[in-house]
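Here are my notes after a look through the helices. Have the viewer open while you read.

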Amino acid sequence: MEIIDGEFDEIRPYYDSEVDNVINNLLSETGFRKTVKYFFPDVAFEVIEKLLRNVHTIRDFQTQFIARLVNGLEKRYTEGVIFKGLENIPEGKGYLIVSNHRDIILDSAFLNTYLAQHGHQTSEIAIGSNLLIFPWITDLVKLNRTFVVKRNLSVKELMVSSMLQSKYIRHTILDKKTSIWIAQREGRTKDGNDKTQGSVLKMFNMASKGDVLTSLAEMNIVPMTISYEYDPVDVYKVIEQYNKKIDSTFKKNKVDDVAGMRNGLICKKGRVNITLGKPISAELLNMPKAANKNIQYDEVAKLLDKKIYDGYVLYPINYVTADILSQSNRFQEFYSLEDKENVLNYIQEQSKQFSGDVELQKKMLMEIYANPVYNKLGK
């Protein structure tokens with residue numbers, strides 16, 4: 001695959017040679033300074049500034065600034081993050097880590113912080129251009145090894161952009177031997193029902209001339225599952241979906257996206273578990289050939305979904321809501337009466353933020369937690 005010099009400049013993360021200038025720009029941005037003060041209220045900004053002035057590489061930025069931020073969020077807003085499966089991605093090659101997606105920032109941030117702390121190269125991260133609301137946010141995420149996936153394009157623009165993304169992903173994994181984290185679908189799962197989009201798989205292969213399965217297999221696809229005990233933005237997801245249900249013209253605005261990013265960081269998460277599965281290359285190569293490409297992509301999506309479901313860690317809230325919605329006691333062995341009472345109290349408390357059809361929204365809230373049970377164990 002021929003790469004033209006500068007071909008990826010519009011979407012790629014920053015290089016080490018660009019770090020000093022970008023940090024100078026960040027430190028002069030009022031929005032960045034306010035954000036840092038918000039998340040480090042007990043630290044004088046001069047201390048943060050001194051730290052960042054001594055950062056000259058992307059890895060320095062990730063280990064000295066981002067990791068500290070993520071570790072602080074973990075201590076303040078979670079009951080611990082457990083990571084499993086590092087042995088499935090040994091160093092020396094790049095992996096395409098395809099993950100379910102619950103939180104805009106933390107899903108990939110937890111992964112990369114863990115990788116960095118264990119001496120592994122961090123992965124590059126895909127992020128939608130709709131989230132790059134201010135220039136300083138673009139600078140911040142591209143310092144954190146993020147590349148841009150363009151959103152809200154015409155059909156023609158989408159084809160060109162998807163081809164560029166495909167080339168970039170393949171170049172990063174196969175030539176640079178660097179891993180990439182990407183969500184299994186566009187945007188976060190809003191109802192807990194994680195499903196891989198065939199269009200995402202098609203994009204992976206656009207820059208390849210090989211057959212579907214061989215081309216996907218050579219990218220070392222690794223399923224990743226992130227399980228939050230409490231989805232940090234469950235209420236906001238329900239309100240968004242409810243508004244779309246009652247008003248077909250409803251659309252989020254930039255303020256909603258900023259709130260989503262902020263609340264995902266600071267709202268209750270409980271226990272968090274991240275599981276990296278084994279690469280699925282061998283299973284792809286052994287998969288029967290389908291009648292056409294679309295069917296083949298559907299079969300691959302089902303395989304990835306199963307692997308992601310296998311990685312779920314289920315908590316009492318998942319089992320309790322599954323039993324309530326199915327009006328059964330099928331999963332009662334997995335929770336106590338105290339657990340059930342705590343879950344009911346949580347649902348009731350969260351529901352105070354709803355207006356309109358509260359009972360419908362309460363049901364939608366419980367589905368966020370019940371769907372992982374149905375997906376992993378069946379209805």
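Predicted model: local features only at pLDDT ≥ 70, side-chain atom pairs only at ≥ 80, totals over all residues.

1. How do the axes of H14 and H15 cross? H14 covers residues 316–326 and H15 covers residues 337–351; their axes come within 9 Å and cross at roughly 80°. Angles of 65 to 115 degrees count as roughly perpendicular, so H14 is roughly perpendicular to H15.

2. Now for H1 (residues 19–27) and H6 (residues 135–143), which pack at about 140° with their axes 10 Å apart. H1 and H6 are therefore oblique to each other. Their crossing is left-handed. On the H1 side the contact is made by Val19, Val22, Ile23, Asn25 and Leu26, and on the H6 side by Trp136, Asp139, Leu140 and Leu143.

3. With 20 residues, H16 spans 29 Å from first C-alpha to last, close to the 28 Å expected at 1.5 Å a residue. Where is the kink in H16? Look at tyrosine 369, shortly before proline 372: the kink there is about 40°. Just after H16 comes glycine 378, with a positive phi of about 90°.

Methods. Residues numbered from 1 in each chain as written. Heavy atoms only, no water. Axes fitted to C-alpha atoms, helices over the stretch in contact; angles between N-to-C directions. Helix = DSSP H or I, 4+ residues; strand = E, 2+ residues; numbered from the N terminus. Parallel < 35°, antiparallel > 145°, perpendicular 65-115°, else oblique. Left-handed = near helix turned anticlockwise from the far one by under 90°. Contact = heavy atoms within 4.5 Å. Expected span 1.5 Å × (residues − 1). Bend = angle between axes of the 7 residues up to and from the residue.
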